[in-house]
Every structure is written in C-alpha cells, then in structure tokens.
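Below are some notes on the aromatic contacts, for use alongside the coordinates. Please read them with the structure open.

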Amino acid sequence: MRTASTPTHCPYCALQCGMALSPLPTGGVEVVERTDFPVNRGALCGKGRTAPAVLAPGVRLTSPLVRSADGELVPAGWDEALDRIAGELGRIRTEHGPDALGVFGGGGLTNEKAYTLGKFARVVLGTSQIDYNGRFCMSSAAAAGIKAFGLDRGLPFPLEDIPRTGCVILVGSNLAETMPPALRFFNELRENGGTLIVIDPRRTKTAEQADLHLAPRPGTDLALALGLLHLIVAEGRVDEEYVRERTVGWEETRAAAMAHWPEYVERITGVSVPELRETVRLFCEPEAAMVLTARGPEQQSKGTDTVGAWINLCLATGRAGRPLSGYGCLTGQGNGQGGREHGQKADQLPGYRKLDDPAARAHVAAVWGVDPDSLPGPGRSAYELLDALGSDVRSLLLMGSNPVVSAPRAAHIEERIKSLDFLAVCDVVLSETAALADVVLPVTQWAEETGTTTSLEGRVLLRQRAISAPEGVRSDLEVLHELAARLGVEKGFPVEPEEVFEELRRASAGGIADYSGISYERLAEGAGEGVFWPCPADEDRSADEDGSADDDRSADEDGSAKDDRPAKDDRPVPPGTPRLFLDRFATADGRARFVPVSHRPSAEEPDDDYPVLLTTGRVVAQYQSGAQTRRVDELNAAAPGPFVELHPRLAARLGAAEGDPLAVVSRRGRAVAPARITTGIRPDTVFMPFHWPGEGRANTLTNPALDPTSRMPEFKVCAVRVEMANP
C-alpha cells in the first residue's frame with residue numbers, strides 16, 4: 001500500500017512547480033504528479049522529475065570533510081568540522097578585522113536560510129562582506145524595476161494572466177528550455193488569438209513558437225527598445241492620458257528615444273526597419289500587452305538601462321499597472337526572488353529594506369535585539385567580493401553556490417578562491433568549489449527539510465519535508481546555530497524553520513516585501529497555492545466571489561497597490577497581492593518613473609583579434625553550474641557536455657564539421673568544445689552553455705565588466721575568436 005505523498009515544490013527554477021513526493025519501500029522518494037498547483041498543473045520538466053536522484057547514496061555528501069595535513073579532504077565528525085570553522089573565522093577576524101570574513105549565499109536557499117545567513121554575517125561575524133549568486137541573475141531587472149515602479153517583484157501579476165493578454169514581447173528568454181512548464185501559458189496566448197514576439201540572437205525552441213522572431217546582435221537590446229519607442233512616438237501611439245496621469249519624466253525619455261531613428265537602430269542591431277514597424281503594430285494594437293525580460297538583456301554591463309528602456313515602452317503605451325498588462329522579469333533561480341528580499345544581498349536587510357536607511361536599520365536591529373550602530377554597512381557585490389578573495393577578504397563561508405563554474409572570468413575566480421586563508425562550504429554534493437574547501441559540511445536537500453520559497457510571481461510557497469536526511473547530514477540552520485554559539489552568540493539562531501519564519505515576518509513588517517501576514521498555517525491552507533507578497537499582518541482576508549477584497553485596500557506605506565481586482569477564474573485567488581500597481585505605483589507620489597537612457601556599446605566589442613561575439617545560456621537537461629544535474633544519469637544522457645553553436649558560414653570559414661573540437665578564445669582564457677552547426681544563430685555569434693567545468697567551461701571566457709547600478713557582470717556578450725582546437 002502506497003504511503004500518503006507529501007505536497008511540495010521542485011528544487012530548481014523560479015516556477016517552483018508543484019509536485020508531491022511519495023516514499024519508496026526501498027528508501028528514498030519518487031515524484032508524484034500534483035495537478036492542483038496552478039503554475040504547472042502537474043507538468044514537470046526532466047530536471048524536476050528526476051530531482052530525487054540527487055538524494056541517492058553515493059551521489060550526495062553524508063559526512064563532513066576536512067582538509068588533512070597532506071592536503072586531502074577526509075571524513076570528520078561534526079564537532080571537529082564546526083570547531084575548525086569557528087576557530088579559523090575567529091582567528092582571521094582577530095588578526096584582520098571582521099571585513100576579512102566573506103559570506104556568499106545562493107538563490108536556491110530557502111527564505112529562512114537566506115534570512116539567517118544575512119543575520120549571521122552581520123550579527124555574529126560583524127562583516128559587511130556578504131552577497132549571493134542571485135546578483136548574477138536578476139539584479140539588473142530588480143534595479144530597473146525599483147527605479148521605475150519603486151518596487152521589484154519578478155512578475156507583478158500571476159502567470160495565468162499571460163494567456164489573456166493581447167501581445168507578449170519576450171526579450172532574451174528561452175523558457176522552452178529553461179522553464180518548460182511555463183511554455184503552455186504562451187501557447188494558450190496564441191490559441192486565444194494573442195501574439196508572441198521573441199527577441200533572441202538564436203532561433204531557440206522558444207523562438208520557434210513565436211509569431212515574430214527578432215534576432216538582434218548580442219548587446220544591442222537597448223538600442224532595439226529605443227528604436228521601438230521612437231516609432232511609437234512617430235506613429236502617434238503614445239497613451240498621452242496615461243502618461244500625463246500616472247507617470248513622470250516623459251519629455252526627457254521621449255527626447256532620448258527620438259535620437260534612435262529606425263535606420264540607425266537597424267545598423268546597430270541587424271533588425272530590419274520593417275520588422276521594427278511590425279513589432280510596434282503587434283504590440284500596440286491590442287488593448288493589453290506585456291513585456292517580459294530574462295537574462296539576455298539583463299546580463300549586460302548596461303543591463304539596468306536596457307531593462308529600463310523596455311519598461312519605458314510599457315509606460316509610454318499605458319501597458320503597466322493595468323489589467324493583463326505590464327512589465328515583468330522571468331526570475332531564474334528557485335528562490336531568486338525571496339533570496340534578494342531578506343538580507344543575503346550586500347546592501348539589503350529583510351523585507352527588501354536598504355542597509356543604509358537609518359529607519360530600516362533601527363527596525364531590524366530591534367527584531368534582532370542588537371544596537372543599530374553595530375550593523376555593518378553595505379559591502380561588495382558578488383563579483384567584486386569574489387575578486388577580493390585572498391587579499392582584503394581572507395576567508396569565505398559559502399552556501400548553495402558553485403562560483404568555480406558559474407562566475408565570470410572563472411579561471412581568475414578559481415585562483416582567488418585557492419588563495420584564501422580558509423574556505424568552508426555547505427553543500428549537498430562535492431561541487432567544483434567545495435572540492436577546494438578546507439571544510440565541507442553536508443547539508444539537507446529540499447525533500448529533507450521544510451522551508452519557504454518565493455516564486456517569480458512573488459508567490460510565497462511552503463516546501464514540506466517528505467523524508468528524513470541520512471545520518472551525518474544537518475540543515476544549514478543547524479550549521480549557523482552551531483557556528484554562532486561557538487563564536488559567542490548563543491541565542492537568536494533557531495534551528496526550526498517555522499521559528500525562523502516567524503522572526504522573518506516581524507523583520508519584514510512594514511517593508512516593501514512585507515511577509516508579516518503570512519504564516520506556515522496560512523501557506524498550508526487550501527490547495528497550498530501560496531500567498532503573494534506584499535501581505536501585511538492586518539490584511540483583510542475576506543474575499544468576494546471573484547476573489548477580490550471586500551474593502552478598498554488602499555495602498556501600503558510602500559505605495560504598492562492593494563486592490564487586486566483579479567480576473568474571473570474557477571478558483572479563488574490566493575491571499576496577499578497577486579496584482580500590483582493597479583491603482584498606484586510604489587513611489588512616494590504613486591506615479592511610475594520614466595528613466596531616459598541611450599544606447600552605448602558593450603564593454604567589449606569585436607576587433608581584428610577577437611572578431612566574433614560569444615553569448616552563453618542554458619540547455620533543458622542541465623541547471624546552472626550543473627553541480628546537481630550532472631550527477632543524474634538521465635539528464636547527462638540528454639546533455640552530456642558543452643558545445644559551441646555556430647552558423648554554417650562561420651564553420652565554413654574555419655573548415656569545421658559537426659562535432660569537430662573548436663577552441664573559443666577571449667582575453668580571459670580558452671575553452672574547447674565540439675562544434676554544433678546550425679542556421680539558427682547569427683553568423684557573427686557563437687553560443688556556449690555554461691553548465692560544465694574543465695576545458696569546456698564557458699565562463700572561463702565571459703567578461704566581468706559590471707553594470708554601474710546593479711553590479712551585474714556582462715555574461716551575455718564578449719569578443720572572442722574561434723579556431724580549430726587541433727589544427
């Protein structure tokens with residue numbers, strides 16, 4: 001007889017697809033379809049379906065490892081491992097000061113872990129040197145959203161709104177491979193008569209589904225958006241009443257756009273003037289439309305301005321803060337949204353509060369029971385922190401990240417990590433970064449622990465423990481509790497996730513990302529569809545038959561709209577705020593901000609020595625640095641290794657055939673992988689996926705040039721040359 005299954009969510013991307021886990025008689029769990037969760041309705045990609053394979057004996061870590069005198073990692077007891085970490089952190093802090101201690105988190109950590117990690121860094125270690133790998137994912141979109149709307153939430157509406165809008169412009173996303181269950185929303189859009197426009201230098205599986213595919217030169221998304229806005233003005237398609245009543249800053253933005261006439265934009269981007277005009281027509285003719293961005297336009301040294309230009313397109317046409325319209329970011333990592341809300345980011349405190357805001361410091365310090373003046377100020381961003389390892393920053397405590405594979409200029413970062421006085425890593429598997437550590441701690445995976453995540457919709461979800469962890473494995477919360485006690489802070493670091501979440505609620509109360517009205521009990525109610533933030537503690541939970549609130553629900557102190565007015569559906573809408581900005585934006589005056597921007601080149605343009613552009617991305621069967629998915633046989637069979645995708649014209653110039661080893665060389669290094677020849681990429685561009693270490697490591701090549709606002713590295717475009725690896 002089958003044991004009752006446990007409802008939970010996938011550990012991988014930001015869709016946080018619903019699934020259930022059922023114990024197997026032989027041990028472990030299997031994934032069971034869960035059709036009641038509205039985001040995926042039971043559908044899962046191969047990664048989600050095979051996720052339990054990472055929990056198998058022989059795949060995951062089950063004992064602490066410490067570096068022995070002869071340089072090898074050897075099994076050790078927990079007390080020995082924890083004592084060594086605490087001793088080294090204490091020694092380095094005494095000798096070099098608290099900012100010599102670095103902390104690096106991950107976008108896959110639960111809200112409870114991310115919150116506790118930020119608190120540990122600031123209260124126990126006293127260091128400002130903390131950031132996380134989510135800086136490499138959504139930070140440019142977050143910065144642009146805050147500038148324009150006063151608030152950053154990946155999507156300001158549920159995914160279920162997409163099929164009912166008139167047009168979606170999807171910029172730099174291959175969601176057919178990166179989050180396959182989401183593709184159905186876009187297929188339903190087209191079935192309902194709507195239009196999908198995909199912007200990508202490659203003809204991806206997503207682009208194949210589009211009504212119109214634009215293939216701009218990598219690094220020119222900003223010019224493309226400006227050219228479209230120029231045409232919107234020239235063709236009289238600006239929603240003047242909306243601009244006048246709901247925005248500020250239009251005249252300066254209009255002037256900047258008018259300097260980007262269509263023929264000029266065609267020369268920059270390679271997108272023809274007729275394609276530009278057709279894009280404007282398809283976007284502007286329906287009553288409602290959306291723009292969604294992903295890593296393509298965001299992972300650039302001008303990513304914040306690029307996303308801002310696409311937001312300007314929405315504002316000029318009245319397609320923001322209206323039903324079935326708006327700008328949204330397709331957040332990447334499993335808890336990329338929650339991970340940037342509750343304190344593991346270099347400049348933030350819980351509730352999406354700013355670390356340099358005296359009122360925010362006072363509020364959070366009161367919750368933590370410390371003096372506000374004791375909290376350090378903002379620290380280095382992710383790449384800058386990694387680049388400082390071994391010099392200003394002498395030790396690193398790392399949780400849930402693998403920068404040896406995932407960081408830009410990865411060979412350099414690998415050397416910086418090797419130069420540390422001390423490295424401690426908490427992980428499920430022995431990643432390439434963990435293999436360099438002085439101490440490795442085996443920690444629980446998603447099926448073995450309870451905790452919350454926040455999806456790309458801003459939907460806070462409860463993952464529930466389905467099985468017990470193997471003997472010898474502890475949770476990250478237990479690790480931080482034990483280290484805090486060894487470093488002299490014996491209270492304030494509970495090990496039970498629900499107790500941590502209750503404190504997080506208080507710390508976030510009144511902030512932009514207000515979770516104070518959310519509880520584990522509330523998250524488990526009904527079908528477990530979650531709660532959308534902001535959700536203050538005094539929210540009126542009663543709802544009309546259509547799911548909208550009974551009262552007026554005037555704006556919070558942060559200015560976010562509280563009148564959901566959701567569309568009709570056969571299910572009640574989860575509580576909280578599913579739809580933002582319908583009455584006002586989260587700014588002091590309730591108006592959105594146009595931000596004038598102008599095109600500028602990428603940090604590194606092609607030249608005679610490096611004449612080709614490289615762009616990077618993901619494939620459907622692997623995830624991020626591959627630390628977990630590369631350990632799953634089924635996924636490795638589907639995607640066994642890296643490759644170089646190139647156009648037949650470039651292949652002919654090189655004399656390369658399908659499968660020939662190619663060397664891709666940038667100013668930072670050399671990577672080798674087999675050729676994959678296709679007409680689905682621009683002739684001036686090559687593509688490499690970034691999931692693998694070794695000689696095929698794509699991030700050996702990528703450029704760490706940083707966006708001046710978001711501090712996002714320029715993963716998506718750099719200059720390279722391509723040559724036969726074995727001439």
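1. A residue counts as buried when its relative accessible area is under 20%. The model is predicted, and both Tyr 115 and Trp 368 are buried in it.

2. The whole structure holds 12 aromatic pairs. One of them joins Tyr 115 to Trp 368, with 6.2 Å from centre to centre and 70° between the planes, an edge-to-face arrangement. Tyr 115 belongs to helix α3 (residues 111–125) and Trp 368 to helix α15 (residues 358–368). The two residues are 253 residues apart, and their pair links distant parts of the chain.

3. How are the rings of Phe 149 and Phe 585 arranged, stacked or edge-to-face? Planes under 30 degrees apart count as stacked. The planes of Phe 149 and Phe 585 are at 15°, with the centres 5.6 Å apart, so this pair is stacked.

4. Phe 149 is in helix α4 (residues 139–149), whereas Phe 585 is in the loop between β21 (531–532) and β22 (592–593). The pair therefore ties together parts that lie 436 residues apart in sequence. Phe 149 and Phe 585 are both buried. Phe 581 also comes in here: ring pairs link Phe 149, Phe 581 and Phe 585 into a cluster.

Terms used. Residues numbered from 1 in each chain as written. Predicted model: local features only at pLDDT ≥ 70, side-chain atom pairs only at ≥ 80, totals over all residues. Heavy atoms only, no water. Phe/Tyr/Trp six-rings, centres within 6.5 Å; stacked < 30°, edge-to-face > 60°. Helix = DSSP H or I, 4+ residues; strand = E, 2+ residues; numbered from the N terminus. Buried < 20%, exposed > 50% of the residue type's maximum accessible area, 1.4 Å probe, protein only.
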